[in-house]
Amino acid sequence: MREIDFDTETTGVNPKEGDRIVEIGCVEIINLNPTGVTFHRYLNPERDVPDEVVRVHGLTGAFLKDKPVFAAIADELLKFLGDSPLVAH
């Protein structure tokens, strides 16, 4: 069975207040074994990254400024995920 284990980093926890994903990483697992197939992207949140959040994940607005926005990678991510179950870290 194929599943995708994934983790994200964000600018905060409230998307209604403009918080956005700044990093997503996925690992393909088949029959409980990592295959070595991964998906990883840094993302431009198009907003400031609060200092308290930078202290958690180390991703600054300056570093993320030239990265793609989520909409630019969404189709690629969905293709990678397919219809596999997702396991969030």
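## Basis

The model is predicted: local features need pLDDT of at least 70, side-chain atom pairs count only at pLDDT 80 or more, and totals for chains, interfaces and linings use all residues. Residues are numbered from 1 along each chain as its sequence is written, and side-chain values use heavy atoms, with hydrogens and water left out.

## Overall fold

The protein has three helices and four strands. Both kinds of element are DSSP runs numbered from the N terminus: helices are H or I with at least four residues, strands are E with at least two. Along the sequence the pattern reads β-β-β-α-α-α-β. The C-alpha trace spans about 40 × 25 × 25 Å along its principal axes.

Of the 89 residues, 28% are buried. Buried means under 20% relative accessible area, exposed means over 50%, and partly exposed lies in between (1.4 Å probe, protein chains only). The accessible surface is about 5,900 Å², and carbon and sulfur atoms hold 55% of this area. Areas come from the Shrake-Rupley method with a 1.4 Å probe; for residues, only the protein chains shown count as cover. Among contacts (heavy atoms within 4.5 Å) with a separation of 6 or more, 53% join residues 24 or more positions apart.

## Helix 3

Helix 3 buries Ile73, Ala74, Leu77, Phe80 and Leu81. These residues cover an arc of only 135 degrees around the axis, so they sit on the same side of helix 3. The arc is that of the directions from the helix axis to the C-beta atoms. An α-helix has 3.6 residues a turn, so residues three or four places apart point the same way.

Cover for the buried residues includes strand 1 (2–10), strand 2, strand 3 and strand 4 (86–88). The face turned away from the buried side carries exposed Ala71, Ala72, Asp75, Leu78 and Lys79. Just after helix 3, Gly82 takes a positive phi of about 55 degrees.

## Aromatic pairs

The whole structure holds two aromatic pairs. Rings of Phe, Tyr and Trp (its six-membered ring) pair if their centres lie within 6.5 Å; planes under 30 degrees apart are stacked, over 60 edge-to-face, and the rest tilted. Phe39 and Phe80 make a tilted pair, 5.7 Å centre to centre with 35 degrees between the planes. Phe39 lies in strand 3 (residues 33–42) and Phe80 in helix 3 (residues 70–81), so the pair ties together parts 41 residues apart in sequence. Both Phe39 and Phe80 are buried.

The Tyr42 and Phe63 rings have centres 5.0 Å apart and planes at 85 degrees, so this pair is edge-to-face. Tyr42 lies in strand 3 and Phe63 in helix 2 (residues 61–64), so the pair ties together parts 21 residues apart in sequence. Tyr42 is partly exposed at 28% relative accessible area. Phe63 is partly exposed at 35%.

## Charges over rings

A charge sits over a ring if NZ of Lys or CZ of Arg is within 6 Å of the ring centre and within 35 degrees of the ring normal. Arg41 lies over the face of Phe39, 4.3 Å from the ring centre. The charged end of Lys67 sits over the Phe63 ring, 4.1 Å from its centre.

## Glu28

Glu28 lies in strand 2 (residues 21–30). Its relative accessibility is 11%, so Glu28 counts as buried. The Glu28 side chain makes polar contacts with the side chains of Arg2 (2.6 Å) and Thr35 (2.6 Å). A polar contact is a pair of N or O atoms within 3.5 Å; within protein, one must be able to donate a hydrogen and the other to accept it, and residues adjacent in sequence count only if both atoms are side-chain atoms.

Leaving out residues up to four places away in sequence, Glu28 touches Arg2, Glu3, Ile4, Asn33, Pro34, Thr35, Val37 and Phe80.
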